[in-house]
Every structure is written in structure tokens, then in C-alpha cells.
Amino acid sequence: MADHSVFEQSSILVSDQKTDQILLLRDLDGDGSASAEQEVSTFFDHSNLSGFSAPTANVFSLHQGSDGAIFVGDGQSDAIYRLRDLNGDSDAQDAGEAQLWFSADNAASLPFVTPNGMWQGADGALYVANAGTPVEPADAIYRLVDLNGDGDANDADEAVAWLDLSDSGSKAVPFSISFDGDVAYINDLAGVASQSVYRLEDLNGDGTISAAEVLPFVSADMAFSSALNVASLTVADEAVFALSWQPHEGNTIHLFRLEDIDGSGQIDEVAEIWNSLTLPVETKVHIAYSVAADTAGDLSISAYGFDGSASILRLHDVNQDQDFMDSGEATLFGSSTFTQDLFKPRAVEFYEGAQPFLASNPVPLVEDGLIALAVAMMVQRFFAT
């Protein structure tokens, strides 16, 4: 029997481009999936009581910050929202739980049309990959920080173009962005450059990334580089996890682990750690959009099939052999067969909420805390007398 202990408090946030909402998938019963009706709920959508009419019509990116807040990058309203579940009811729908954190109406007049990826750096700032359009060609990475504490990054000096890709010479269009310490990695899905992953580091400490500081992480002479068409990437355990983009029926989705072991700034070890051939034949996965990692080393992938099915995969290395290729290591955590709310998943993010849940008894742990507090007060009163 598989060890499901890592799933006992599992929660994954998923943006859906058909139902226009962010779903919270929770494994409350510890069976390794969010298949029961009560395990799928709306975390945030247009019915929120904070007054945002259409904040989730086209969510491209999700990221949980170090303080627990969820940053939502929406390409329809061209904005980033900051969400907090203040009352512990497992959503951000209540009044005051959602804030407009950044938009095109910013003091720096930075164009903002496609918030493809987000990541909080070690400095606490939020770094956002913005892909331009023919009308607003701003392929850039923005650095955003709330300096005055008013709950947004729209004010003077709070938003800067950390990397202007139009000046970098790479001709890359940024999608995902992830950090390993002070080093950032981005992938290029729609650009014309041959490399798919770039390494960014502010070597001269001037607060921006120059053209000389944008380096290909995938070397052009590597045999696998031409096939490494990266849809999404994330960083965990000092490695880059790259999810391949294969929008054709019958093609195989691949997940690679890319490592710079010798510190040269380029990959010197690559391993395919998962592919869609490991899934049961009834699980149709033809397009994979997003990959996320949790602190325990598990990964989640959003995907859907040309048959209309939608899947949220959970990858767990049961035998600790550094891949997810073995039986039972890739599980169907969420599915359109489980819920009618999941149609076209895009962004995924592991979620650590205010109130984790027990697998054997889905009761908020806050009750345990209250009981412990009551016992402590009784003991204190007893000894006081």
C-alpha cells in the first residue's frame, strides 16, 4: 500500500480558463486525490465581496508569497490581485480578502497586458514576466514591491523594468519565471531564439538585468535542446524543472530536471524524470500548461486532452530514486471526471492555507488549538490556586 502521508494536507490552487475561477483542490480524506464533492471548491471568482467584477476571466499565473498571500495574474483585466483568506474559510471571497496589487495604471506607466509568470525573490519583491502584444510590445520582467505599505505596487518607485527583453538581444518572450537564490530562470515559448531557458543574474548589482546578464541556460550544442520546448518551469531543490510543450494529439509530454552541478551557468546534467506515457491509457494528456513544486519535493502539472478532459497531476517520488517514472508516482489529483468546475486548467500552485486539514477527520485544526488553549488555561488556574 502506498504511503499517502504526504497527501494528508494536500491543497492545490488551479485557475480555469473556461469556468473563470480559481479552484481549491484539497485531499481531505487522504486518498491521494481531490475526487470527493467537498474536496473541490471555489477559492476566488467574480462573486467575491471585495468588489472586483471580473478578476479571474483569464488567469495565467498563481504564486503564493512568503507571507501566505496568493498573487493572481489575470490577462483579461491586465492586473495582479493579492488574496488572503483572513477568516480561515478556505476562500478569498469575503470582503477585504482581495486587493488590486498591480495594474497598467501604475505610476511608472509600465505597459501590462499579459502576466505570464510570477515569483517572489529572496529580496521579497515580486518578479513578473510580462509578454507584450503588437499594440503594446513590452516583453519584460518587472520588479514590484509595496514600499509605502498601502497594499499595492502601483505607486512611484514601486515598479521597475528589471529586464527589458527588447534590449537584451535574445528576442525572447517570457513565460514562466523562477528563482534559485539570486539567480532567475525564464523560458521562451513564442520567441524566435533557439534556446528555451535563460539564466538571469544581476552581476553588477545595479538593480536591473542587462543584455550581458541574460545567458542561455540550455546550450545550443546539446542534443536535447532542440526538443526542449519549454511550456513552463519551476525551481526546487537547486534544480530547474522544465515541462515540455507538445500541443499535438499523440505527442508525449515530458518533464526534465536541469542542473548546473559545476557552477558554470549552463546545464551539465539533464534527466527526464516523467512523461505522459507513465499514465493510465484512459488519462488523456495532450497539452500541459503549468508545473509547480511544493516544499516536500512533490510536483503538480495542469493538463488537458483533445477529448475535452482536464487533469491535475500530482507527482510524488515514492522510492526516492529522483524521478516520477515508477508505478503510482504520478496520480490524478484533480479531474474533470471528479467535478464539473474543471474544464481548462491553466496555472497551478501548491497552497498552504491558514487552516490545514486532517486526512482522517476533515475538521479545521484551529479547533485543536482552541482545545489546547482551554486546557492550558485550566492548568494555569489550577496551579494559581
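How much space lies in the second largest pocket? The volume is about 280 Å³, a volume being the space filled by probe spheres set on grid points that are joined across faces, edges and corners. A pocket is defined on a 1 Å grid over the protein atoms alone, as an open set of points where a 1.4 Å probe fits, with protein on both sides within 12 Å along at least five of seven lines. Rolling a probe the size of a water molecule over the atoms shows where empty space is left.

The structure is a predicted model, in which local features need pLDDT of at least 70 and side-chain atom pairs count only at pLDDT 80 or more, whereas totals for chains, interfaces and linings use all residues. Residues are numbered from 1 along each chain as its sequence is written, and side-chain values use heavy atoms, with hydrogens and water left out.

The predictor's confidence in each residue is given as pLDDT, from 0 to 100. Its mean over the protein is 85, and 82% of the residues reach 70 or more. A contact here means heavy atoms within 4.5 Å. Where pLDDT is low, the predicted coordinates should not be read in detail.

The protein contains 1 helix and 24 strands; these are DSSP runs numbered from the N terminus, helices being H or I of at least four residues and strands E of at least two. Of the 385 residues, 52% are buried, where buried means under 20% relative accessible area, exposed over 50%, and partly exposed in between (1.4 Å probe, protein chains only). Among contacts between residues at least 6 apart in sequence, 48% join residues at least 24 apart.

The largest nonpolar core has 19 residues, and Leu243, Leu255, Trp274, Leu299, Ile301 and Leu315 have the most contacts inside it. Such a core is a set of buried Ala, Val, Leu, Ile, Met, Phe, Trp, Tyr and Cys residues joined through side-chain atoms within 4.5 Å. At least two residues of this core come from each of strand 17 (239-244), strand 19 (269-275), strand 20 (287-293), strand 21 (299-304) and strand 22 (310-315). Another core, of 18 residues, lies apart from it and includes Leu23, Leu25, Tyr289 and Val348. Beyond four places in sequence, Leu315 touches Leu255, Trp274, Asp298, Leu299, Ile301, Phe324, Glu329 and Ala330.

Phe324 is also, with Ala296, Gly297, Asp317 and Gln322, nearest the centre of the second largest pocket among its 18 lining residues. Lining residues have an atom within 4 Å of a point of the pocket. The lining comprises 8 nonpolar, 4 polar and 6 charged residues; Ala, Val, Leu, Ile, Met, Phe, Trp, Tyr, Cys and Pro count as nonpolar, Asp, Glu, Lys and Arg as charged, and the others, Gly among them, as polar.

Within strand 20 is Ala292, which counts as buried because its relative accessibility is 3%. Beyond four places in sequence, Ala292 is in contact with Thr234, Asp298, Leu299, Ser300, Val348, Glu349 and Phe350.

Several loop residues complete the picture. Lys284 lies between strand 19 and strand 20 and is partly exposed, with a relative accessible area of 35%. The C-alpha atoms of Lys284 and Gly305 are separated by 5.0 Å, and the contacts of Lys284 beyond four places in sequence are Tyr304, Gly305, Asp307, Ser309 and Ser311. Asn319, in the loop between strand 22 and strand 23 (330-335), is likewise partly exposed, at 42%. Beyond four places in sequence, Asn319 touches Asp326 and Glu329.

Most residues other than glycine have a negative phi, and most peptide bonds are trans. Ser90, however, has a positive phi near 70 degrees; this residue lies in the loop between strand 6 (79-83) and strand 7 (98-103) and is buried, with a relative accessible area of 11%. Glu238 has a positive phi of about 60 degrees and lies in the loop between strand 16 (230-236) and strand 17, where it counts as exposed because its relative accessibility is 67%.
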